[in-house]
Amino acid sequence: MRINIIIPLLLVMLLVGRVTAQYGVAGGGVTSGAIASPVSGKFGLRVSIGQPLLGDAGPAPRLAGGLQSIGDYYQQSYENTTIVVPEQIQQVGDTFNFDLNYGAPCAFFQDGVEREWELKLTFNRTVLEPLVFDAVDDNGEYHTITVTGKASLQAGKLATLKFLALLGNDSTSVVRVESFRWTSVRRQFTQSTPGSVTLKGLCTTYGNTRLIKAPGKTSILVAPNPVTGSTVGLRVYAEQAVSGTIVITDMHGNVIANKTDVEAGLQWPLVTIELPVIAAGTYTVTFAASDIIARTTLLKLP
């Protein structure tokens, strides 16, 4: 009996070409019903049954039929992660913490699941020097660092980054999220609010703030930084391959360690240096080669 009813109904749908039912909801909404359309005008039939999604009602309401359309409509709000980047004011030469907060769908953390994540953050390389990161990309004007971690809560502090405030080519650096993803979540959406770091303690001459306008063409990265052991890893960037000397000095200019024939280039060649027994504190790392020079800060922990 059921088959005898269904077959004539499908034939009617084919003859009419497009059949809908129970979807006239003023102002748009979700209702019960079905929509059927012929495929290529011949012998196929595409039918979406159950809870079509209506757009704004009018003389010809827009109908997106089936559960899939409803899922697409609401899924983004259920799978959205928001990253909040703060705005801070820092003194030139100070090392400071930079907290990133987040809010994520509770469904991501059901049953105590711990999620791994990866974030890329971009900022002015002349104003901020990153001290905590997994990888860094330098285009000569901006640093983009890659940071990874784990989270087990729906919202809270995502990560605490450390920066050194530098005298650069601007008094403020915008800090923005380049990308963010939960590494084990197949489908997700992300939005973020950019932040900034504004420098204080800048000198002025005749009312103009004194900044360093010439962008650096050589960079030194210390990873990890701060250093806890006796071995420090250094990567030196240069626009053209060059060989030079690394010198590490204390705050009084005393040479702590040095290494010659250090390679620098576009691929950030790695060099390791063994440090003597030194006190915890701040040290300067200098790379010098022919007509180029670069400096950065090394923090030594006990």
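This is a predicted model: local features need pLDDT of at least 70, side-chain atom pairs count only at pLDDT 80 or more; totals for chains, interfaces and linings use all residues.
## A six-stranded sheet

Let's start with the strands. Six of them form an open sheet in the order β7-β16-β14-β9-β12-β11, and the pairing is mixed. At the edges sit β7 (87–91) and β11 (135–138), each of which pairs on one side only. On average, neighbouring strands here are turned by 25 degrees against each other, ignoring direction.

Within this sheet, β9 (residues 115–124) and β14 (residues 172–182) run antiparallel and are joined by six bridges.

## Two nonpolar cores

The largest nonpolar core has 35 residues, and those with the most contacts inside it are F98, W117, L119, I145, L161, F163 and W182. Two or more residues each come from β8 (95–103), β9, β12 (142–151), β13 (155–165), β14 and β16 (195–200). The top contributor is β13, which gives five residues. F98 is a handy place to look around: leaving aside residues up to four places away in sequence, its contacts include V85, P86, A159, L161, F163, V175 and V197.

## Salt bridges

Now for the charged side chains. The structure holds four salt bridges, and three of them are described here. In one, K157 and D99 meet at 3.8 Å, N to O. This pair links distant parts of the chain, since K157 is in strand β13 and D99 in strand β8, 58 residues apart. D99 counts as partly exposed, at 27% relative accessibility.

R125 and D138 form another, with their closest N and O atoms 3.0 Å apart. R125 lies in the loop between β9 and β10 (128–130) and D138 in strand β11, so this bridge ties together parts 13 residues apart in sequence. Both partners are buried: R125 has 10% relative accessibility, and D138 has a relative accessible area of 7%.

R176 also forms a salt bridge with E178, where the closest N and O atoms are 3.4 Å apart. Here R176 counts as partly exposed at 34% relative accessibility, and E178 counts as partly exposed at 43%.

Methods:
Residues are numbered from 1 along each chain as its sequence is written. Side-chain values use heavy atoms; hydrogens and water are left out. Two strands pair if DSSP finds at least two bridges between them. Helices (H or I, at least four residues) and strands (E, at least two) are DSSP runs, numbered from the N terminus. Axes are lines fitted to C-alpha atoms, for helices over the stretch in contact, and angles run from 0 to 180 degrees between N-to-C directions. A nonpolar core is a set of buried Ala, Val, Leu, Ile, Met, Phe, Trp, Tyr and Cys residues joined through side-chain atoms within 4.5 Å. Buried means under 20% relative accessible area, exposed over 50%, partly exposed in between (1.4 Å probe, protein chains only). Contact means heavy atoms within 4.5 Å.
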